[in-house]
Amino acid sequence: MELARFNMVEQQIRPWDVLDVNVLELIKKVKREHFVPVDKQSLAFMDVEIPLGHGAFMWSPKLEARALQALKLKHTDRVLEVGTGSGYLTALISRMAQHVTSVELVQELSARAARTLAAHHYDNVTLEIGDASTGWGGEKYDAIVLTGSVPLPPESFYEMLNAGGRLFAIVGDAPAMHAMQVTCVAPGVFETVTLFETSVAPLQNAPQPQRFVF
């Protein structure tokens, strides 16, 4: 298993421009297999999305690592994750940030993630159940990550960023999606960078653009 983990880092993650030493070391330490459904254990270290049920998927390892690298998390950061899924990305974030609030629409997925996170002592995590597709609560965060794709830039989240805060989102319609990082450079002022192309399952209930019907 440790050889499989080593190969995942060296053959999938590092070649995909993940060069942040802290991210690479964290990927080695946080046991991905603990968060993979029992019947999907053979896929734990493979370069694939892993189905979790209810239309949700665990991201590929290299995408998880690229998202972490883009977020540039600090130990003082408070983070919002939209879509808990397996809880693995939640666990990774919790080891880099002060606190992570993770919101999941599907109660069964949240409950499963809660059991895994508690069993392995990730205690700076708050799990919530609900629809956070356009935001969550009235708080502001230092970093926000959306684990499902959205067809449009998720501007409802921009105002939830503290000054200096970062948002990671995957935007577009399949198969042409791109990962983007939005930084709040000053109150009401945002800088957007397109990072790479990818394609992931959509965020349920994400706002849809008006589409012409002929």
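For my notes, buried is under 20% relative accessible area, exposed is over 50%, and partly exposed lies in between, with a 1.4 Å probe and protein chains only. Helices (H or I, at least four residues) and strands (E, at least two) are DSSP runs, numbered from the N terminus.

I noted that this is a predicted model, in which local features need pLDDT of at least 70 and side-chain atom pairs count only at pLDDT 80 or more, while totals for chains, interfaces and linings use all residues. Residues are numbered from 1 along each chain as its sequence is written, and side-chain values use heavy atoms, with hydrogens and water left out.

**Helix α1**

I checked the length of α1, residues 2–13. At 1.5 Å a residue its 12 residues should span 16 Å, and the end C-alpha atoms are 15 Å apart, which agrees. The expected span is 1.5 Å times one less than the number of residues.

I then listed the buried residues of α1: Arg5, Met8, Val9, Gln12 and Ile13. They cover an arc of only 115° around the axis, so they sit on the same side of α1. The arc is taken from the directions from the helix axis to the C-beta atoms. Among the elements covering these residues I found α2 (21–29) and α3 (61–71).

Which residues of α2 are buried? I found Val23, Leu24, Leu26 and Ile27. Their arc around the axis is only 165°, which puts them on the same side of α2. The face turned away carries the exposed residues Val21, Asn22 and Lys29. The buried residues of α2 pack against α1, α3 and α4 (88–96); contact means heavy atoms within 4.5 Å.

I looked up the α2 and α3 pair next. Their axes are 10 Å apart and the packing angle is about 140°. That makes α2 oblique to α3.

The axes are lines fitted to C-alpha atoms, for helices over the stretch in contact, and angles run from 0 to 180 degrees between N-to-C directions. Under 35 degrees counts as roughly parallel, over 145 as roughly antiparallel, 65 to 115 as roughly perpendicular, and the rest as oblique.

**Two buried residues**

Ala70 has its place in helix α3. Its relative accessible area is 9%, so Ala70 is buried. Leaving aside neighbours within four places in sequence, I found Ala70 in contact with Phe168, Gln181 and Leu195. I also checked Ala70 against Ala179: they are 109 residues apart along the chain, with their C-alpha atoms separated by 9.8 Å.

Ser110 lies in helix α5, residues 107–119. It counts as buried at 4% relative accessibility. Not counting residues up to four places away in sequence, Ser110 touches Glu104, Leu127, Glu128 and Ile129.

Where is Pro175 found? I placed Pro175 in the loop between β7 (161–173) and β8 (176–186). A cis peptide bond joins Ala174 and Pro175, with omega about 0°.

His54 is not a glycine, yet has a positive phi of about 60°. I found His54 in the loop between β1 (50–53) and β2 (56–58), and at 42% relative accessible area His54 is partly exposed.

Asn205, also not a glycine, has a positive phi of about 70°. Asn205 is in the segment after β9 (189–198) and is partly exposed at 48% relative accessible area.
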